[in-house]
Amino acid sequence: IIDINQSNTVVTNFPAAGKYILGWSNGYCESLVEINVGDQCDCPSGINSISGPANTSVCAVFPSQTLTGVNTAPQGGTYLWLYYNNSQAYQVGTSENLTTQDLYIGNHKYLREYRLIANNQTCVYNSNTINIDVHPEPIASITGDNMICRGSSTVLTAQGGAQYLWSSSEPNQSITVNDDIERTVTVTNVFGCSDEVSFSVTLNENPVAVISGPDATCFGSSVTFTASGGDQ
């Protein structure tokens, strides 16, 4: 029994499905109301899942692919695809499957909602999330002298990554060369993305120094010696 002076009341937490009688009374008169509590007021159990590519961590660009809806139940609902980029959500499709656009550097997430009207309410079932990471590629470069004399050497230093592998099999950032064989280095960053660059050294022949002039002279006189074989 509820006090009639209360014009509104909220009754919650019915212990079980069944028929409940609520009454209002002023001590002399009463008014009764019958409430039938059903056992189908909540959203029914449902499933909603999607599948995507096997490789979701790529370099530079993730090419357009189709994300496939696997399971949905109960029947009769509608689909809504959501795309998340930098925590911003976008609605990108309403079909069972979704074909993505080319994706570039950053983190990308896809989620499918399955919406169903049941028990006079909108029931929403979220699928698993497909997470795609697109990593930047490194930019490989090599510094060092590009011209040396035969018999001397120069140090070539690669830059742009976290790991380095030269075509001469050295796994170091810097190598020493004394020939004119072209070297290529593969530069790999922390994401496993790589780039290559090549470098050639010109090997110059050493000059042959020659001094000409008389090999004898008189005391008090002078001679002229002339050097040749070079530019300086």
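**Entry 1. Aromatic pairs**

I counted the aromatic pairs and found four in the structure. I note at the outset that this is a predicted model.

I looked up Tyr-83 and Tyr-110 to begin with. Their ring centres lie 5.0 Å apart and their planes stand at 35°, so I recorded the pair as tilted. The cut-offs that decide this are under 30 degrees for stacked and over 60 for edge-to-face, with the rest counted as tilted. I then asked where the two residues sit. Tyr-83 belongs to strand β8 (residues 78-85) and Tyr-110 to strand β12 (residues 106-118), so the pair ties together parts that are 27 residues apart in sequence. Both Tyr-83 and Tyr-110 are buried.

Tyr-114 lies in strand β12 and Tyr-125 in strand β13 (residues 121-126), 11 residues apart, and the pair links distant parts of the chain.

Are Tyr-114 and Tyr-125 buried or exposed? Buried means under 20% relative accessible area. Tyr-114 has 2% relative accessibility and therefore counts as buried. Tyr-125 has 11% and therefore counts as buried. I also noted that Tyr-114 and Tyr-125 form one aromatic cluster with Tyr-79.

**Entry 2. Disulfides**

How many disulfides does the structure hold? I found two. A disulfide is a covalent bond between the sulfur atoms of two cysteines.

I examined the link of Cys-43 and Cys-123, whose sulfur atoms are 2.0 Å apart. The torsion about their S-S bond is about -90°, so this disulfide is left-handed. Cys-43 is placed in the loop between β3 (30-37) and β4, whereas Cys-123 is placed in strand β13, so the pair ties together parts that are 80 residues apart in sequence. I compared the exposure of the two ends. Cys-43 has a relative accessible area of 33% and is partly exposed, whereas Cys-123 has 1% and is buried.

I then looked up the disulfide that joins Cys-59 to Cys-193, with 2.0 Å from S to S. The value about its S-S bond is -95°, and the link is left-handed. Cys-59 is in strand β5 (residues 57-59) and Cys-193 in the loop between β20 (183-188) and β21 (194-199), so the pair ties together parts that are 134 residues apart in sequence. Cys-59 counts as partly exposed at 28% relative accessibility, while Cys-193 is buried, with a relative accessible area of 1%.

With the bonded cysteines counted along the chain, the disulfides follow the pattern 1-3, 2-4.

Cys-149 is partly exposed, at a relative accessible area of 38%. Cys-218 counts as exposed at 59%, because the cut-off for exposed is over 50%.

**Entry 3. Strand pairing**

I followed strand β7 (residues 66-73) to its partners. Strand β4 (residues 47-51) is joined to β7 by five bridges, and the two run antiparallel. Which residue of β7 is the bridge partner of Ile-47? I found Ala-73 in that place.

β7 is also joined to strand β10 (residues 98-99), here by two bridges, and again the strands run antiparallel. In this pairing Leu-67 stands opposite Leu-98 of β10.

I returned to β8, the strand that holds Tyr-83. Five bridges join β8 to strand β9 (residues 88-93), and these strands run antiparallel. Tyr-84 stands opposite Ala-89 in β9. The hairpin of β8 and β9 has two residues between the strands, and I recorded a positive phi near 55° for Asn-86 there.

**Entry 4. A nonpolar patch on the surface**

I looked up which residues form a nonpolar patch on the surface. Ile-211, Val-223 and Phe-225 do so, with about 310 Å² of accessible area together. Phe-225 is located in the loop between β23 (210-212) and β24 (226-228). I recorded 54% relative accessibility for Phe-225, which therefore counts as exposed.

Terms used:
Residues numbered from 1 in each chain as written. Predicted model: local features only at pLDDT ≥ 70, side-chain atom pairs only at ≥ 80, totals over all residues. Heavy atoms only, no water. Phe/Tyr/Trp six-rings, centres within 6.5 Å; stacked < 30°, edge-to-face > 60°. Helix = DSSP H or I, 4+ residues; strand = E, 2+ residues; numbered from the N terminus. Buried < 20%, exposed > 50% of the residue type's maximum accessible area, 1.4 Å probe, protein only. Pairing = 2+ DSSP bridges. Disulfide = S-S within 2.5 Å. Patch = residues over 30% accessible without salt bridge, like charges linked within 9 Å, V, L, I, M, F, W, Y side chains within 5 Å. Areas by Shrake-Rupley, 256 points an atom, 1.4 Å probe, with all protein chains shown as cover. Salt bridge = Lys/Arg side-chain N within 4 Å of Asp/Glu carboxyl O.
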